[in-house]
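This briefing goes through selected local features of the structure shown below, grouped by topic, with the cut-offs given where each term comes in.

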Amino acid sequence: MGDMTNSDFYSKNQRNESIRGGEFGCTMEELRSLMELRGTEAVVKVKETYGDTEAICRRLKTSPVEGDLLPADGIFIQGNDLKIDESSLTGESDQVRKSVDKDPMLLSGTHVMEGSGRMVVTAVGVNSQTGIIFTLLGAGGEEEEKKDKKGKEERRKMQDGTVEASQSKAKQQDGAAAMEMQPLKSAEGGDADDKKKANMHKKEKSVLQGKLTKLAVQIGKAGLVMSAITVIILVLYFTVDTFVVNKKPWLPECTPVYVQYFVKFFIIGVTVLVVAVPEGLPLAVTISLAYSVKKMMKDNNLVRHLDACETMGNATAICSDKTGTLTTNRMTVVQAYVGDVHYKEIPDPSSIDTKTMDLLVNAIAINSAYTSKILPPEKEGALPWQVGNKTECGLLGFVLDLKQDYEAVRIQTPEEKLYKVYTFNSVRKSMSTVIKLPDDSFRMYSKGASEIVLKKCCKILNGAGEPRGFRPRDRDEMVKKVIEPMACDGLRTICVAYRDFPGSPEPDWDNENDILNDLTCICVVGIEDPVRPEVPEAIRKCQRAGITVRMVTGDNINTARAIAIKCGIIHPGEDFLCLEGKEFNRRIRNEKGEIEQERIDKIWPKLRVLARSSPTDKHTLVKGIIDSTHTEQRQVVAVTGDGTNDGPALKKADVGFAMGIAGTDVAKEASDIILTDDNFSSIVKAVMWGRNVYDSISKFLQFQLTVNVVAVIVAFTGACITQDSPLKAVQMLWVNLIMDTFASLALATEPPTETLLLRKPYGRNKPLISRTMMKNILGHAVYQLTLIFTLLFVGEKMFQIDSGRNAPLHSPPSEHYTIIFNTFVMMQLFNEINARKIHGERNVFDGIFRNPIFCTIVLGTFAIQIVIVQFGGKPFSCSPLQLDQWMWCIFIGLGELVWGQVIATIPTSRLKFLKEAGRLTQKEEIPEEELNEDMEEIDHAERELRRGQILWFRGLNRIQTQIRVVKAFRSSLYEGLEKPESRTSIHNFMAHPEFRIEDSQPHIPLIDDTDLEEDAALKQSSSPPSSLNKNNSAIDSGVNLTTDTSKSATSSSPGSPIHSLETSL
């Protein structure tokens, strides 16, 4: 269904695009591929294809538009100093300067920050760059719902059309391979199939759900069999003993008694079943997840989808954004060269000469936009808030780090007192501000790219704050010893300088070459967006936990590589790949430009940094890693992102992390978890909690299955030997309550520890119950069964009390069976402490007081048990016990802890016979994907069957078309006689919505609606605009046209209709 409605949606778009293509001078595909380009590539493409932006305007028959938030994609055609903030699309915070000759591409959803300009709109709605992202996210959902309501006939028409088109397309290509119909094969990605697959992927059961479902079914079946056998044995034993051995007749007055016996047996059977079925499992999972989610909120993880928490525990790869996630997203000065000294970190203010300090503070405070400022943090402990130009804020931050105040300087020299300002532009690569000094002389402060400004410096301030000569030789040495090492560290170097001018004669401020020269260098600083201090440690933890971290960024490759080294994502000497988006695309695509999974499989295992990447690249990488069969375990991928551009990748990933502060609404909507502090180290906490959920479930299972095994065997054996279960129905239900509800609460709320990060991810095929756990379950079951059977058969002699075996139907509760029940519960309580460790650790009390819920439940259960035994009476089948009897019960319970240590000493490797349980086999792993494959097979089979139908349709269509052509020819001929100027060519006729079909999604009319369409054709064909139809094949009609474009160009001119008809058929 979804597929059909999607194809419906797309075919409509395609048809509309084709109409527009005929009407305007270029198709939507051409414009869309043009808008994907950036910078010089775009300029070259515009020149090659259209000549210039004016030519595009003429071709699109449009005039330019203006605006603040750009509502559509377009090409910049004129303007001045236009700067665009593209962070909502690219995720990079630097403003992008637009110009006709360097980078004319303007994208929807971006903001104009400075300057003004005019643009010609090339794409709106779903065809714009933002629209494409929304399409990838499946934002066309509403339209699909509307389409759902259309009739089956319409959909069938669409389907037939799809097949027809793909066939004729293949034919048309003359033996060339048929068009690739898969998603993300085109530059923009986002196809109906992809949406379907994405949905399938999201519907897939979580790993834990799959394993638990399987295990619960297995345990349930075993319990059912045991309870059935128990009932059968009890009934048979009673009937054989009563009616065969004792030869008692069935008397009518005895019937109620016999019925009571049978009911009792049935109740025992049901009790065995209730105890055997682990109904606490779903509860344990829900409690564990809900508790984790609540606690994760404190660790800055806002979980939007519950299962994301558990999936995160199995994550094997994290694809992280750079800006704002790994870095602080605040430009900061980290190195400086002042007074002939290269400081690798912020220098101590006392080490800088006062004259130099004054000049430095003034130069930075005055020679920057007064709108750039640093405000105190909004929240306590957060970083200061930077407003305005990021680089200038970095320099102002440097002034604050030197314990100086830039605001005081600005108050002293307000903006209106500035004498002359040379703003930063791409030619100057520097910004300069002139102020008038009290003695009427002038001083100019200048700052800019170090390689530009240093060339204009002839002096430099020394350690004493005095200017000294600065020759070209000194400059070369400085470049080698200061600027190059800074650049190698991924820093952007900025030089701050000044120059004094005499008051009279006043310099010619318009002669820039003379003014911006003979400067005196104050300092050179290295600026970067620094790595968050906690990130390297967090990444080290991830790597130790078996998780590969990859950086995917829009920044240039050198900066990305430098940051990756600082973070510890890559280590010198390792075998890794750092690629740019363009190179990545070249490597993963074949000659036809289609993405191949085998090619991705060659790249992703070693890929650590993907720089200059587009939104589609990120989506492709994530999809490639998830779909890969390169490793034996399927990769579980987490993705972090903050921009609209990250939406598709966040949606596609197993777990998507959006940034709570810097993230856009689209990113948050597509994510599973929101990081409220935008910090990568919070992801490590999410991994810890995810693994903790998994371990909590395993702890609960270890405890529950021990109780299950013991309770079922005791009930079964007791029933077979003594015709009565030593544990009564109500007692069993109390035990069930302890082990299901309370234990799930106690064990599912264990807080995580750092040790969880010392192991590799479990993966999809790791069994829930490991061999160590199986050893613990069986070991404790042996201890408990031995003691219970000892108490059952010789307990009355040990305690010198009456035996409770073979008691009559309504006899009062016995002390004997009460001791058995009490001992059983005590053993479970102490075994609950053993169950806290599942990997064979010895110290079961480790961290027990960090979990107050556990302590409360154990003590609470103990208290309730005392009440039940002492005051439960007949309802609980309990008789009050003496203090010494109580002590023995507790002593036997404590023996569990000692026995636990004995079991821990036995090496698991020796116990070869132990089996694991709760493993996901390959078949059950992804049922939905199998379903998907089946659907594809059916589609393929249907296509084979439909070939005959298609040929039949073609024949009919051919006849229809001939009739239409004759009618159209006749009508245009008659109209031509009356109004010569309204003659139309058959090409224009074919370009109409009813008859014009785009290659990819055709619309084949069925026989029933031809008459209506013919009428519509006659009405519409009277006055279509005469324009060139590029798609000359007229696939919809089945008429194979033989003219090429040059002919169609001649025939489409208003000539004689007869001539048009000849060239067309």
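K541 is buried, because its relative accessible area is 18%, where buried means under 20% relative accessible area, exposed over 50% and partly exposed in between, with a 1.4 Å probe and protein chains only. The model is a predicted one, in which local features need pLDDT of at least 70 and side-chain atom pairs count only at pLDDT 80 or more, while totals for chains, interfaces and linings use all residues. Residues are numbered from 1 along each chain as its sequence is written, and side-chain values use heavy atoms, with hydrogens and water left out.

**Salt bridges**

- A salt bridge is counted when a side-chain nitrogen of Lys or Arg lies within 4 Å of a carboxyl oxygen of Asp or Glu, and by this rule there are 25 salt bridges.
- K541 pairs with E754 in a salt bridge whose closest N and O atoms are 3.5 Å apart.
- This pair links distant parts of the chain, with K541 in helix α20 (residues 535–544) and E754 in the loop between α28 (729–748) and α29, 213 residues apart; helices (H or I, at least four residues) and strands (E, at least two) are DSSP runs, numbered from the N terminus.
- E754 is partly exposed, as its relative accessible area is 40%.
- A salt bridge also joins R759 and D695, with 3.7 Å between the closest N and O atoms.
- Because R759 lies in the loop between α28 and α29 and D695 in helix α27 (residues 681–722), this pair ties together parts that are 64 residues apart in sequence.
- Both R759 and D695 are buried.
- E669 forms a salt bridge with R304, and their closest N and O atoms are 3.6 Å apart.
- Here, too, distant parts of the chain are linked, since E669 belongs to helix α26 (residues 665–670) and R304 to the loop between β5 (301–303) and α13 (306–313), 365 residues apart.
- E669 counts as exposed because its relative accessibility is 56%, whereas R304, at 32%, counts as partly exposed.

**Polar contacts**

- A polar contact is a pair of N or O atoms within 3.5 Å; within protein, one must be able to donate a hydrogen and the other to accept it, and residues adjacent in sequence count only if both atoms are side-chain atoms.
- The side chains of H780 and E896 make such a polar contact at 2.6 Å.
- H780 sits in helix α29 (residues 771–799), and its relative accessibility of 4% is why H780 counts as buried.
- A polar atom of the S99 side chain lies 3.1 Å from the backbone nitrogen of K102.
- S99 is in the loop between β2 (95–98) and β3 (105–106), and S99 counts as buried because its relative accessibility is 18%.

**Surface patches**

- Patches are made of residues with over 30% relative accessible area and no salt bridge, with like charges joined within 9 Å and nonpolar side chains (Val, Leu, Ile, Met, Phe, Trp, Tyr) within 5 Å.
- D508, D510, D514 and D518 gather on the surface in a patch of negative charge; Lys and Arg count as positive and Asp and Glu as negative, while His and the chain ends are not counted, and the place of a charge is taken as NZ of Lys, CZ of Arg, CG of Asp or CD of Glu.
- D518 is located in the loop between α19 (512–515) and β17 (519–528) and counts as partly exposed, at 43% relative accessibility.
- V240, V244 and V245 make up a nonpolar surface patch with about 260 Å² of accessible area together, with areas taken from the Shrake-Rupley method with a 1.4 Å probe and, for residues, only the protein chains shown counting as cover.
- V245 is part of helix α10 (residues 207–245), and V245 counts as exposed at 55% relative accessibility.

**Backbone features**

- S504 and P505 are joined by a cis peptide bond with an omega of about -5°, and P505 is placed in the loop between β16 (492–501) and α19.
- K247, although not a glycine, has a positive phi of about 50°; K247 lies in the loop between α10 and α11 (255–276) and counts as exposed at 69% relative accessibility.
- S877 is likewise not a glycine and has a positive phi of about 55°, and S877 is found in the loop between α31 (852–871) and α32 (883–905).
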